[in-house]
Amino acid sequence: MADHPSRKIKTVFEEQGSLRKPGLIGRAVRLVFGAWLLWALYTLLRYGWIVLVDTTPPSPIEWWLFIILAFWLTPYVINIGLTKNWRRAPQVVVAVLAALALAIDLAVYGTWWAPPVGLFVLAWLAYFSAHLGISFVLSALLATPGCEMRAIPHLWTLMTGRSTKEHYCPGALDQIDRWEANHGH
């Protein structure tokens, strides 16, 4: 089985109208993911400030799982969302900024988790949650073809009439959309 072009961190943008719109099931899944990410954003903004004043790393496993998930998905969110082909560069930027914040923490506070790392992690996760969460919800509402990260450009197209590129979803949503289309849902 050939590897789908979007499985790699290389972007493959298609002309507008090339990809099919998601069906009801695909849109419902997108809405659930979007709601979850917007809830995560709310939680970060409401309770995440503690990482700015504490020198103890967050203990809930959810923090660390979310950091791992966000690090893994950051290149897709940035590249596909901004119509770029920077491959792993967004991940490298996150890693370098985190390392710089960690070095400041060690030099100033004598520990690896202090306000500089906390601020960076909070800002990065808030951006990630907002961009991806809004994109998922818009994608569900607008039936954006392909990847949810094209929902903001898709909305711009609907508002201005200017065409935009489409991109296959590099995750499971493409498989859900294909299954749904093949089974007439």
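Colleague: How are H4 and H5 oriented to each other?

Modeller: This is a predicted model. Helix H4 (residues 89-109) and helix H5 (residues 115-142) pack at about 155°, so H4 and H5 are roughly antiparallel to each other. Their axes lie 7 Å apart.

Colleague: Which residues of H4 and H5 make the contact?

Modeller: H4 contributes Val94, Leu97, Ala98, Ala101, Leu102, Ile104, Asp105 and Tyr109. From H5 come Pro115, Pro116, Val117, Phe120 and Trp124. Sorted by class, the contact of H4 with H5 has 12 nonpolar residues, no polar ones and 1 charged.

Colleague: Next, burial. Which residues of helix H6 are buried?

Modeller: Buried means under 20% relative accessible area. In H6 (residues 151-160) the buried residues are Ala151, Pro153, His154 and Thr157.

Colleague: Why do the buried residues of H6 line one face of the helix?

Modeller: Viewed down the axis of H6, the buried residues fall within an arc of 160°, so they line one face. H3 and H5 are included in what covers them. After H6 comes Gly161, with a positive phi near 85°.

Colleague: Now the rings. How many aromatic pairs are there?

Modeller: Rings pair if their centres lie within 6.5 Å. That rule gives 8 aromatic pairs. One of them joins Trp36 and Phe66, edge-to-face, at 5.7 Å centre to centre with 90° between the planes.

Colleague: Which parts does the pair of Trp36 and Phe66 tie together?

Modeller: Trp36 lies in helix H1 (residues 24-47) and Phe66 in helix H3 (residues 61-81), so the pair ties together parts that are 30 residues apart in sequence. Trp36 is partly exposed at 44% relative accessibility, whereas Phe66 is buried at 10%. Trp36 and Phe66 also form one aromatic cluster with Phe128.

Colleague: What about the pair of Trp39 and Tyr42: what are the ring distance and the angle of the planes?

Modeller: The ring centres of Trp39 and Tyr42 are 5.0 Å apart and the planes stand at 35°, so this pair is tilted. Both residues lie in helix H1, 3 residues apart, which is about one turn of the helix. Trp39 is exposed, with a relative accessible area of 54%, while Tyr42 is partly exposed at 36%.

How values were computed
Residues numbered from 1 in each chain as written. Predicted model: local features only at pLDDT ≥ 70, side-chain atom pairs only at ≥ 80, totals over all residues. Heavy atoms only, no water. Phe/Tyr/Trp six-rings, centres within 6.5 Å; stacked < 30°, edge-to-face > 60°. Helix = DSSP H or I, 4+ residues; strand = E, 2+ residues; numbered from the N terminus. Buried < 20%, exposed > 50% of the residue type's maximum accessible area, 1.4 Å probe, protein only. Axes fitted to C-alpha atoms, helices over the stretch in contact; angles between N-to-C directions. Parallel < 35°, antiparallel > 145°, perpendicular 65-115°, else oblique. Contact = heavy atoms within 4.5 Å. Nonpolar A, V, L, I, M, F, W, Y, C, P; charged D, E, K, R; others polar. Arc of directions from axis to C-beta.
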